[in-house]
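Here are a few notes from going through this one.

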Amino acid sequence: MLPFLLTNVLCVAQSESLASKGICAHRGANKTHPENTLAAFKEAIRLGAHMIEFDVQLTKDHKLIIMHDETVDRTTNGSGKVSQLTFEDIRKLDAGSWKSNKFAGEKVPTLQEVLQMMPENIWLNIHLKGTKKVGIETSKVIIAENRMNQAVIACGKEAARGVRSVDSGLKICNMNRLNSRAAYIEDTIKEAYPFLQIKSSRDDGQMLSDIKRLKDNGVMINYFHSEKVTELSTLFDAGVDFILTDNLEEMIQAFSRLDVRQF
């Protein structure tokens, strides 16, 4: 395992700087830790992730929690839709035992808790599950916690309207997927979104020309996803900025061996 400082210094000077390229921990270090929990995020930080992705949605009583699924069934010992449960209901649940007994008692965190524990030199890939309301409320918390510089809000059009109604300076990753990658790219450029997320399963035959068009228009590219260290050089050389992965430790170690100055 590479120490946090060693890994990050290979991309940028370690201090308050954000990486220009790197590896994104998908839902934290979810391969070894329960996804979207503080334990998973702490491990991602320890391993040296350059970006951490997590999912945000509103409870019945309008509290922002970190969870991917529409229901709590898969990742807790409870059941029911997040939108139909109060924060108190969800906070009582065990969000760790499903992964391993050593994580028993891990709680579903709030957005505020996650922001407060994050270092300032890691990109925060905040994936919104919801529409305008979740965009508005998430934006307010990001601003209150002074995380505008490192936050990238990944969302669809309705949530993006909510974000921009609070502060047009907040960075948005366009997740409004259309019928083709070409249409998706044109929409991203037209709406002046600073980030876009390319899917590995879509139109890869045109990926190089697609990436060039995005780069020519100043759009940063998140790539979902890769688990293979053999793909890193090809993806970064093509112009991808951050690669989302579940295979975090191995991908970070491989990234540390690359000469990032060549990309």
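1. A definition before anything else: a cavity here is a set of grid points where a 1.4 Å probe fits but cannot get out, and its volume is the space filled by probe spheres set on those points. Keep in mind that this is a predicted model.

2. On that basis, the structure has two cavities of 30 Å³ or more.

3. The largest cavity comes out at about 60 Å³. Its lining includes E35, N36, T37, H68 and P109, and overall divides into five nonpolar, five polar and one charged.

4. Back to α7 (residues 181-190): how does it sit against α8 (residues 207-216)? Their axes come within 10 Å and cross at roughly 5°, so the two helices are roughly parallel. R181, I185, E186 and I189 of α7 meet M207, D210, R213 and L214 of α8. That contact splits into four nonpolar and four charged residues, with no polar ones.

5. Helix α2 (residues 38-47) is mostly covered, with seven of its 10 residues buried. The buried ones are A39, A40, F41, E43, A44, I45 and L47. Following α2 is G48, with a positive phi near 105°.

Conventions: Residues are numbered from 1 along each chain as its sequence is written. This is a predicted model: local features need pLDDT of at least 70, side-chain atom pairs count only at pLDDT 80 or more; totals for chains, interfaces and linings use all residues. Side-chain values use heavy atoms; hydrogens and water are left out. Buried means under 20% relative accessible area, exposed over 50%, partly exposed in between (1.4 Å probe, protein chains only). Helices (H or I, at least four residues) and strands (E, at least two) are DSSP runs, numbered from the N terminus. Axes are lines fitted to C-alpha atoms, for helices over the stretch in contact, and angles run from 0 to 180 degrees between N-to-C directions. Angles under 35 degrees count as roughly parallel, over 145 as roughly antiparallel, 65 to 115 as roughly perpendicular and the rest as oblique. Contact means heavy atoms within 4.5 Å. Ala, Val, Leu, Ile, Met, Phe, Trp, Tyr, Cys and Pro count as nonpolar, Asp, Glu, Lys and Arg as charged, and the others, Gly among them, as polar. On a 1 Å grid over the protein atoms alone, a cavity is a set of points where a 1.4 Å probe fits but cannot get out, and a pocket is an open set with protein on both sides within 12 Å along at least five of seven lines; lining residues have an atom within 4 Å of a point.
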